[in-house]
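The entries follow the structure.

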Amino acid sequence: MARRVGHGAGTRARGTAQEPTALKRALTTPLLYFFILGDVLGAGVYVLVGQIAADAGGAVWAPLVVALLLALLTAASYTELATKYPRAGGASHYATRAFGPFAGFVAGFCMLAAGIVSVAALARGFGGDYLSAFVTLPVGLVAVVFLGLLALVNARGIKESTRANVVATVVEVGGLAVVVVLGAWLLLRGDGDPRRLTDLGTPEKGMAAAVLSGSVLAYYSFVGFETSVNVAEETRDPRRSYPRALFGALATAGAVYVLVGLAASAAVPTAQLAGSSGPLLEVVKEAGGVPPKLFSAIALVAVANGALLTGIMSSRLAYGMAKDGLLPGTLTKVLPGRRTPWAAIAVTTGLAMLLALTGSVATLASTLVLLLLIVFLMVNTAVLVLRRDPGEADHFRTPAVLPVLGIASCVLLATQIEAAVWLRGLAIVAVGTVLAAISAARRSRRAERSTEQRADVDASQPG
């Protein structure tokens, strides 16, 4: 499907000389795999199954499969660019190379906005109903303390953060495995109904419309893979490790999601599943034998893990944009011993705290998908534009048809987003555009001063 490309005698051997970086290269292929898997298998799967059932019917697995295929299109573009340009800036760096710093700023701003909003929403979610199963505390207080602790883990080091993610991911996958086993047990004892697995469509929507509508929700479940490009600079051998880790993690997440969808649909009536805010808990209740609090604990782990990984992405993205000159240079400061971007971590965490104290989960999360679709559209386009640049080393190369299909998938999914969400999303993009214009004006003034200084030096030289 894809191949690695080199560039003649000047090509460096894979895994040898790499672009120097101030960040520590500590991520191996397994750690990167778990990083991506943990980010994809976030809190969404614990609540979205019911909403997908409401939109698509009992055959929840069908929209999940379609969403996986759509996500893989954009993932292929990210893989080519991450192995070609292993830089912490991610989408911002790619857009800068393809379209210039203005577009790079807009892409980076959208990613930053989405990441910070996501962390804030997850922080409020952590202090909500799941935590209430154990203790009741003010949500704002919990969110601030929670974000502060995550920032400390993030600042301690990428290796430590990803090791914590491995443990959390195992817990998340274990909880989903329990759902799959319980669903199978319900079927074996004759309490489930496998006929629901072919029930596709609702009274309001036909089969095709139901699949598309459900796929938009299911697509959110696979969002998270794009954050991994921001740690490519901290990966030991990104050109070898990144394709294996990304496609392996998405395939694993897809398999887990489909099995969970099959188990939930077969075990619980569609109307009951669609009406529940904790659809996987309905499977536990139907099967019996597992304490309901167990899933509250697993959900808390999932939320915390998703917030940690998104926080890592946001801080590395801010660091990478600063290195490209798109954000203030102070954000490139790193801890001398740990070599982690402490300034970027502090700023992104502070903004997330502010948002968590001033917005609801629904408000914070409503524009996430739209912002990411804008970024994905730019990334898929950048792959095609940057084909004119051979790069400095061998890298993964995806067939040109996949980025084209990725562009089409972004447009298709965007047409399914509500007008009110579009208004909020466009407002954020407008802010990013204004800031990009300000940044461009500053660069222009610096370039003019540099030209004048060179002219003065030349004039002072003897003829």
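How many aromatic pairs does the structure hold? I found that the structure holds nine, where rings of Phe, Tyr and Trp (its six-membered ring) pair if their centres lie within 6.5 Å; planes under 30 degrees apart count as stacked, over 60 as edge-to-face and the rest as tilted.

The model is predicted: local features need pLDDT of at least 70, side-chain atom pairs count only at pLDDT 80 or more, and totals for chains, interfaces and linings use all residues. Residues are numbered from 1 along each chain as its sequence is written, and side-chain values use heavy atoms, with hydrogens and water left out.

I looked up F222 and Y257 next. They form an edge-to-face pair, 5.1 Å centre to centre with 70° between the planes. F222 lies in helix α9 (residues 207–222) and Y257 in helix α10 (residues 238–267), so the pair ties together parts 35 residues apart in sequence. F222 and Y257 are both buried (under 20% relative accessible area, 1.4 Å probe, protein chains only).

I then checked F225 and F376. Their ring centres are 5.6 Å apart and their planes at 25°, so the pair is stacked. F225 sits in the loop between α9 and α10, F376 in helix α16 (residues 368–385), and the two are 151 residues apart. Both are buried. Ring pairs also link F225 and F376 with Y78 and Y219 into a cluster.

Last, I noted the whole chain. It has 18 helices and two strands, taken as DSSP runs (helices H or I, at least four residues; strands E, at least two) numbered from the N terminus. Of its 463 residues, 53% are buried.

Key. Buried means under 20% relative accessible area, exposed over 50%, partly exposed in between (1.4 Å probe, protein chains only).
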